[in-house]
Amino acid sequence: RRQRQMGIRDRKRIFVEDPVRIIRAIKYAVKTGLEPGFFLKRKLRRQAELLADISYSRLTEEIYKILASGDSRRIFEEFFEYKVSAHILPSLDAYLREPREGAEKNRRVFFENLGELDQMVQSQREVPRNIMVRQLVKDYVTRLGPWEEQRKIHFPEVYQGIKELLKPMVPANRDVEDVVVSLMRERQESAVQRKGAKTRRRRSRPRKRKKTAQPKPDGDTPQ
């Protein structure tokens, strides 16, 4: 009986003693296909705020493990559902929850980008960390973000923007630099393609013929 009581007491404190277990519990549920019970779901939601106490380095490693798992899309969808993402990537979570036009599409595109990463992992087995970071911030940099209306963006702005978006995750500076270069190039290429498409559409439109004025009959001309 005493052993059983100790076990119950341990389960009550399981996430308090090590909040990383919240992340691992969701990962395990996704990997195994087992649905958490009602009380565990409630505990995950109520105690998700404990994740704010994890050291930045440990949290960063846990996120990289998820991104390298081949199931990052499904895991992050569960993080979003349980509001765990609000405590491990608060700025990114706030941006995805922001009530703005097209918010649903923004979330869909974000998860699709993680799905692309999962395909890379499943086919290549080992994916560089800069590619993992790239898939996390891709849509934010190329399509949304504070540079959405700017024709030209600058390296330091994007670099700092990615760092702020991913806090408290701490990706290596070199990885972030690689991401900025590749996404700025992609953004520029996309702008050129859009401009070319507009030009082709203008050229393909049939030109309106100018109407030539008909000479008015002379008043002296006999009818």
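Which residues are buried in helix 2? In this predicted model, for which local features need a pLDDT of at least 70, side-chain atom pairs count only at pLDDT 80 or more, and totals for chains, interfaces and linings use all residues, the buried residues of helix 2 are V20, I22, I23, I26, K27, A29 and V30. Residues are numbered from 1 along each chain as its sequence is written, and side-chain values use heavy atoms, with hydrogens and water left out. Buried denotes a relative accessible area under 20%, exposed one over 50%, and partly exposed the range in between, for a 1.4 Å probe and protein chains only.

The chain has eleven helices and zero strands. Helices (H or I, at least four residues) and strands (E, at least two) are DSSP runs, numbered from the N terminus. Of the 223 residues in the chain, 38% are buried. Among contacts (heavy atoms within 4.5 Å) between residues at least 6 apart in sequence, 71% join residues at least 24 apart.

The pLDDT, the predictor's confidence in each residue from 0 to 100, averages 82 over the chain, and 75% of the residues score at least 70. Confidence is lowest in helix 1 (residues 2-17), with a mean of 59, and highest in helix 4 (residues 56-67), with 96. Over residues 1-9 the pLDDT stays under 50, and the model has zero contacts beyond four places in sequence for them.

Helix 2 has 13 residues and reaches 18 Å from its first C-alpha to its last, close to the 18 Å expected at 1.5 Å a residue; the expected span is 1.5 Å times one less than the number of residues. After helix 2 comes G33, with a positive phi near 80 degrees. Helix 2 packs with helix 4 at an angle of about 5 degrees, their axes being 11 Å apart. Axes are lines fitted to C-alpha atoms, for helices over the stretch in contact, and angles run from 0 to 180 degrees between N-to-C directions. The two helices are therefore roughly parallel to each other, a term for angles under 35 degrees, while those over 145 count as roughly antiparallel, 65 to 115 as roughly perpendicular and the rest as oblique. Helix 2 contributes V20, I23, R24 and K27 to the contact, and helix 4 contributes R58, L59, E62, K65 and I66.

D71 lies in the loop between helix 4 and helix 5. With a relative accessible area of 15%, D71 is buried. Beyond residues up to four places away in sequence, D71 touches V30, K31 and D118.

In soluble globular proteins, nonpolar side chains tend to be buried together. A nonpolar core is a set of buried Ala, Val, Leu, Ile, Met, Phe, Trp, Tyr and Cys residues joined through side-chain atoms within 4.5 Å. The largest such core has 52 residues, and L67, F76, F79, V84, L136, V137 and I162 have the most contacts inside it. Helix 9 gives the most to this core, with six residues. Leaving aside neighbours within four places in sequence, I162 is in contact with V137, V141, V176, V179 and V180. I162 is also one of the buried residues of helix 10.

Most residues other than glycine have a negative phi, and most peptide bonds are trans. K83, in the loop between helix 5 and helix 6, has a positive phi near 65 degrees. The peptide bond from K167 to P168 is cis, with omega near 5 degrees, and P168 is in the loop between helix 10 and helix 11.
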